[in-house]
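Biologist: Please show me the chain, and then I will ask about it.

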Amino acid sequence: VDQRKVNMLARDYCDAAKIKFKPVILSHHMLYGLKAGQEKMSKSDPDSAIFMEDTKEDVHRKIMNAYCPLKPAEKKEDKGAVDDAGKESMNLVGDDLKNPCLDYIENIIFGSNSATFKAGSKTYATFEEVKADFLSETLKENDLKQGLIEALNLLLEPVRQHFTNNAVAKDLLAKVQQYKKEKAPLDRKFRRMDPSAVVPPNSDLVFCPTPSNNPSLQVAVDLLSQLQGKASPVLFLADWSAKVLSACGGEAKVVDAYFAVVVNTLKALAPDTMASVKVVKQSDLILTDPSNYWISVINVGRFFNLNVLQEGYEDADAVGNVIARMMRVADCISLNSKTISFMAQDKMSEIEASIIKKYFDEIPLDAPDLSPCTGTNVALSQNDGVHATENSEYFLLDDPKVHGKLKLKKSFCEPGNVEFCPPISIASFFALQLGEKKLEIKRSPENGGDVDYTSEATIKEEFLSGKLHPGDLKAAVTAIMVDVLTKLTAGAKGDAAWKKSAAALKADIKKQAKKKK
């Protein structure tokens with residue numbers, strides 16, 4: 001019952017997230033603690049409840065000292081107090097009196113259908129009779145308590161006999177009683193999972209971005225920028241964190257499809273780079289040692305204040321993001337890599353890098369080198385994200401025949417502007433870095449003739465001076481992008497798993513579009 005509000009929030013979330021199956025909640029009554037003001041028993045107070053191993057003397061002492069009011073206690077209004085949701089949800093039925101003795105009589109003694117309760121000189125057949133006589137003071141407090149003591153001892157006697165006459169039970173009880181006397185040792189041992197069976201030591205860790213149903217070309221560019229030149233690169237696919245974040249509607253099929261499309265794209269664009277990359281799925285890693293992993297996640301949460309873990313997020317959006325950040329830190333300490341890369345332009349990644357650094361400063365592990373990566377921006381237009389359209393960037397699912405030329409034709413390409421020129425950025429990455437290490441410009445002799453550029457600096461210099469016309473630049477880069485998208489489309493057609501994953505993403509795009517109508 002003390003978790004009822006959390007459970008109800010879980011059911012409400014299922015409605016909001018359109019999750020068909022909701023958790024079923026089976027609640028039972030929670031007994032009051034035996035002392036005044038105790039909504040439930042306290043683990044740190046042995047006299048706050050009756051236990052199965054209690055002796056007759058224990059029961060007598062506890063009940064005789066128990067809180068037993070005739071009238072509800074006056075509520076003291078504290079304007080500065082914070083509402084305690086847990087206290088409000090202790091009971092399934094409203095009860096202003098909060099009398100623990102009556103509570104035990106109603107829910108323990110009258111727990112069976114044929115039960116009776118004897119107090120003073122009267123035997124009661126229903127709890128309602130007991131309560132009425134007690135509140136009218138026909139039944140005195142002392143008689144009520146004596147009757148409760150006798151009834152509880154009668155219930156506990158078979159248990160006592162078992163723990164007295166059965167050797168195994170007797171030994172078990174002796175151990176429990178001894179443990180209670182001893183102070184539990186504090187376990188301050190550092191806990192993390194052992195990833196050695198999955199990930200090589202001293203690796204260079206790169207996290208794949210949070211999944212969406214329409215991965216952009218920028219995702220592939222950023223990942224390759226981080227993976228290239230690394231000695232022991234590991235590409236980490238945080239699939240369970242994606243579910244925590246409700247990415248792709250929390251559908252595992254779509255999340256897996258995203259990762260499959262992205263990884264296959266990287267292999268198609270840069271096969272030499274990807275040949276040395278170890279791809280690791282978060283769920284596979286966790287399941288090799290789940291106990292230590294989740295303990296490490298909990299320890300991260302214990303270490304940081306909530307305001308640190310939810311930095312950059314609104315309160316309403318923070319729950320999943322906070323858990324995902326805790327998991328990100330746990331992933332990092334589990335893998336214990338030599339380097340961890342993140343995109344320098346990504347504000348949220350910078351915040352996470354700061355949190356990771358703080359945690360490594362406090363644990364007995366060598367801190368990794370947190371290296372920001374300045375990748376190539378291949379956006380086709382300048383926008384604030386709010387006014388972005390499907391023509392603002394390329395996507396991995398784009399059709400080369402439809403989007404290859406059309407998007408480049410509409411891209412921003414102001415004459416002389418080299419600060420933001422999408423065709424130059426695209427040429428720099430796909431022609432000079434990944435391709436044949438040159439940009440081929442085809443033009444008539446009267447317009448300067450054909451020319452090959454082997455450096456971004458030269459391209460910018462001639463574009464700035466006007467020697468390289470926007471039309472000639474766009475024509476050359478259009479051919480590059482048609483080739484890139486054709487390569488991806490052909491790869492998907494020739495690989496059944498890739499094709500199936502791409503189809504799953506496209507199906508989800510249509511599904512989400514229908515929901516918006």
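Modeller: Helices (H or I, at least four residues) and strands (E, at least two) are DSSP runs, numbered from the N terminus. This is a predicted model, in which local features need pLDDT of at least 70 and side-chain atom pairs count only at pLDDT 80 or more, while totals for chains, interfaces and linings use all residues. Residues are numbered from 1 along each chain as its sequence is written, and side-chain values use heavy atoms, with hydrogens and water left out.

Biologist: How many helices and strands does the chain have?

Modeller: Counted as such runs, the chain has nine strands. The helices number 21.

Biologist: What radius of gyration does the chain have, against that of a compact globule?

Modeller: The radius is taken over C-alpha atoms, and the globule rule is 2.2 Å times the number of residues to the power 0.38. For 517 residues a compact globule would come near 24 Å. The C-alpha trace spans about 120 × 50 × 45 Å along its principal axes. The radius of gyration of the chain is 34 Å.

Biologist: Which residue in S5 stands opposite Phe-236?

Modeller: Strand S4 (residues 233-237) is joined to S5 by four bridges, and the two run parallel. The residue opposite Phe-236 is Val-280.

Biologist: Is Lys-407 buried or exposed?

Modeller: Lys-407 is found in helix H17 (residues 400-410). Buried means under 20% relative accessible area, exposed over 50%, and partly exposed in between (1.4 Å probe, protein chains only). Because its relative accessibility is 1%, Lys-407 counts as buried.

Biologist: The backbone oxygen of which residue lies 2.9 Å from a polar atom of the Lys-407 side chain?

Modeller: Leaving aside neighbours within four places in sequence, Lys-407 is in contact with Leu-380, Glu-390, Asn-391, Glu-393, Tyr-394, Phe-395 and Asp-398. The backbone oxygen at 2.9 Å is that of Glu-393.

Notes
A polar contact is a pair of N or O atoms within 3.5 Å; within protein, one must be able to donate a hydrogen and the other to accept it, and residues adjacent in sequence count only if both atoms are side-chain atoms. Contact means heavy atoms within 4.5 Å. Two strands pair if DSSP finds at least two bridges between them.
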